[in-house]
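Here are a few notes to get you started with this one. Have a look at the structure first, then go through the points in order.

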Amino acid sequence: MLRIHTNPLFRAHETPPGYPENAGRLDAALEGVRRAGFEASVTTSLSKTIETDRIIAKVHSRNYALQLSAACSDGFKMFHSHDNPISRQSYAAACTAVASSLTAAEEIWEKGEAKRAFVVARPPGHHADREEAMGFCFFNTIACVAERLRELPGIERVFILDWDVHHGNGTQSIFEDRGDVYYASIHRFPFYPGTGAAHEIGFGKGRGLTKNIPLSGGTGETAYIDAIESSIVPAIDDYRPDAILISAGFDAHRRDPLGGMRVSEQAFGLMTRMVVAAAERNCGGRVLSLLEGGYDPEGLTTSVEEHVVALG
Ligand SMILES: [Zn+2]
């Protein structure tokens, strides 16, 4: 019912010593998976490459992808800004994050082999805009999954919930004028990257289909749980999505060195259960969750454990 996906290539995206977004995060997240009693499988096959390029090109321009590929193979140390360190294999890692997520989505929505999935990938994706890398993110992986799902018959509406402590500016920007993908975010505000005010509600066909729930620094889990219960779940029930995706960052955890919030690992479990219940009512319980941020190893392990138990 629940599949966990990962890939050794995610480690090949190297960041400078002491950098918060590093390969050790995979170990921390996979330890959480193990404690939850699950095993991660390496499911990405090379045959996915062409399909992955095609889907990435629905979200990002060809030129942007080529720039990133060239910057990595030419040995550049950063891409677009100092927030985005790269190494020679970063492009491959970012493509594989998309490929693994597409494989996970295929198992759920095309093959019916799983009901839910958690993808333990890096680099993260939700800050990446069509033509811009930001905040450790290069390709907007969750946007790629949403675009792929929209190609499938019977999937007309996709709901993305983003509870990473940072606002997913990239995901919002990609979908804010569209009626077929709902973007909802709970995040610290004002905070990096600066977007995500409550009045940002989408426009055109997407008006009312962007929901931002900004919370001030130091907020505890009660406000998070309340936001899910009184705002996110009703939004899911109103929108009646055919698929639910979670941008699962765990940097709102109380131990996180970047987030400055006070959410416990148990709260992430409870939030997950509420979303799964909404998925059961609306879309056969099918949920794909994708790792975004989370920078304290112990906080990440325990949060992932609770998240995976609740997904399973
Ligand atoms: Zn974050």
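**Notes on the fold and helix α2**

1. The protein chain contains nine helices and ten strands. Its radius of gyration comes out at 17 Å, close to the 20 Å the globule rule gives for 312 residues, so the chain is as compact as a globular protein of that length. Keep in mind that this is a predicted model.

2. For a sense of scale, the C-alpha trace spans about 50 × 40 × 40 Å along its principal axes. Of the 312 residues, 56% count as buried.

3. Now for the contacts along the chain. Taking those with a separation of 6 or more, 75% come from residues 24 or more positions apart.

4. Next, zoom in on helix α2, which covers residues 49–59. Which of its residues are buried? They are Thr52, Ile55, Ile56 and Val59. These four cover an arc of only 105 degrees around the axis, so they sit on the same side of α2.

5. What covers those buried residues of α2? The cover includes four helices: α3 (62–73), α4 (90–109), α5 (141–150) and α6 (169–175).

6. The axes of α2 and α5 come within 9 Å and cross at roughly 105 degrees, which makes α2 roughly perpendicular to α5. On the α2 side the contact is made by Ile55, Ile56, Lys58 and Val59, and on the α5 side by Ala143, Cys144, Glu147 and Arg148. Sorted by type, the residues of this contact are five nonpolar, three charged and no polar.

Conventions
Residues numbered from 1 in each chain as written. Predicted model: local features only at pLDDT ≥ 70, side-chain atom pairs only at ≥ 80, totals over all residues. Buried ≥ 20, exposed ≤ 12 C-beta atoms within 10 Å, placed from the backbone. Helix = DSSP H or I, 4+ residues; strand = E, 2+ residues; numbered from the N terminus. Arc of directions from axis to C-beta. Contact = placed C-beta atoms within 7 Å. Axes fitted to C-alpha atoms, helices over the stretch in contact; angles between N-to-C directions. Parallel < 35°, antiparallel > 145°, perpendicular 65-115°, else oblique. Nonpolar A, V, L, I, M, F, W, Y, C, P; charged D, E, K, R; others polar. Rg over C-alpha atoms; globule rule 2.2 N^0.38 Å.
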